[in-house]
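Thanks for making time this morning.

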Amino acid sequence: MEYIVIIFLIIMSIIVFKIVFKVRIKEIKRVNENKELEEFTNKFPENRKVTEEILDMMENKEVTIEEEKDTKTSLYIAITNKIIISDMKNNYGRIQTIAHECVHSCQDRTLLLFNFIFANLNNVYFLVISILTLCSVIHNYMLQISILTILFLIEFSVRGFLEVNAMTKSRFVAEKYIDKKNILLNSEKEKLLKEYDKINNVGIPFTLFYLFSKGLIKIFIYTMIAIIINLIWFFNIISKNKTCKLITGFIFLFQSYNIIIKVYKS
Ligand SMILES: [Zn+2]
């Protein structure tokens with residue numbers, strides 16, 4: 001019964017989080033289409049040059065820059081101190097996106113490394129306890145759910161802080177860079193910055209929602225494993241039919257997973 005309550009609470013938390021933060025996934029997809037603003041940003045140098053100039057402006061000379069044509073997301077890798085710039089042609093958000101990665105490269109190094117190492121260890125821990133639970137080595141499921149919850153809270157706070165900090169600052173770094181280049185008319189700059197504010201208004205709640213639900217889904221999956229094992233144990237008593245036990249377990253898991261994905265995408 002307690003597992004059902006946990007599943008219910010996770011689904012309810014995701015729904016409530018989505019409502020109070022007004023997360024609109026369709027709006028996120030629409031945000032990068034604007035021909036007029038693309039023309040403005042096309043006046044700026046190519047992405048590598050913009051990154052170099054912004055890093056220079058922030059007095060950060062240690063970072064390596066790499067351009068990747070096959071990827072759609074830019075990112076900063078703390079462990080190698082490298083910025084990977086995605087293929088962002090005709091994307092008016094590119095100045096702010098590059099500024100975002102540059103801000104990451106200037107954030108507190110201890111926090112960045114902690115975030116990187118902790119997130120990876122957390123994933124490994126989740127995988128190991130899931131396998132050990134499925135193999136009936138671990139029996140105290142509630143203890144593992146509590147540990148996963150604490151790990152989730154630490155990961156969410158650190159990563160959430162780093163992302164919100166980078167997104168908030170990147171808008172002002174972008175403005176400073178635009179001013180420094182002096183390529184745009186005042187009216188053009190205002191239009192572009194207005195859109196950058198819009199991106200943050202939609203993007204910051206979305207990022208928090210994404211990190212929140214991604215962490216909770218792990219607890220959700222582990223709780224489902226606990227429910228399935230309990231179900232199998234229950235059917236072991238009332239039925240000798242193994243296929244029946246497994247099918248019931250998987251239908252239950254699949255249906256619950258579907259519900260959470262629907263909530264996430266709606
Ligand atoms: Zn980021």
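The chain holds 9 helices and 3 strands, where helices (H or I, at least four residues) and strands (E, at least two) are DSSP runs numbered from the N terminus. Along the sequence, these elements follow the pattern α-α-α-α-β-β-β-α-α-α-α-α. Please keep in mind that this is a predicted model, in which local features need pLDDT of at least 70 and side-chain atom pairs count only at pLDDT 80 or more, while totals for chains, interfaces and linings use all residues. Residues are numbered from 1 along each chain as its sequence is written.

Of the 266 residues of the chain, 25% count as buried; a residue is buried if 20 or more other C-beta atoms lie within 10 Å of its own, exposed if 12 or fewer, and partly exposed in between, with C-beta atoms placed from the backbone.

How do helix 5 and helix 7 pack, and at what angle? The angle is about 120°, with the axes 7 Å apart, the axes being lines fitted to C-alpha atoms over the stretch in contact and the angles running from 0 to 180 degrees between N-to-C directions. Residues of helix 5 in this contact include Ala-99 and Cys-102, and those of helix 7 include Ser-170, Val-173, Ala-174 and Tyr-177, a contact being two C-beta atoms, placed from the backbone, within 7 Å.

Lastly, the backbone. Lys-22, although not a glycine, has a positive phi of about 50°; this residue is found in the loop between helix 1 (2-20) and helix 2 (25-30), and with 12 C-beta neighbours inside 10 Å it counts as exposed. Asn-81, in the loop between strand 2 (75-77) and strand 3, also has a positive phi, near 50°, but Asn-81 is partly exposed, with 14 other C-beta atoms within 10 Å.
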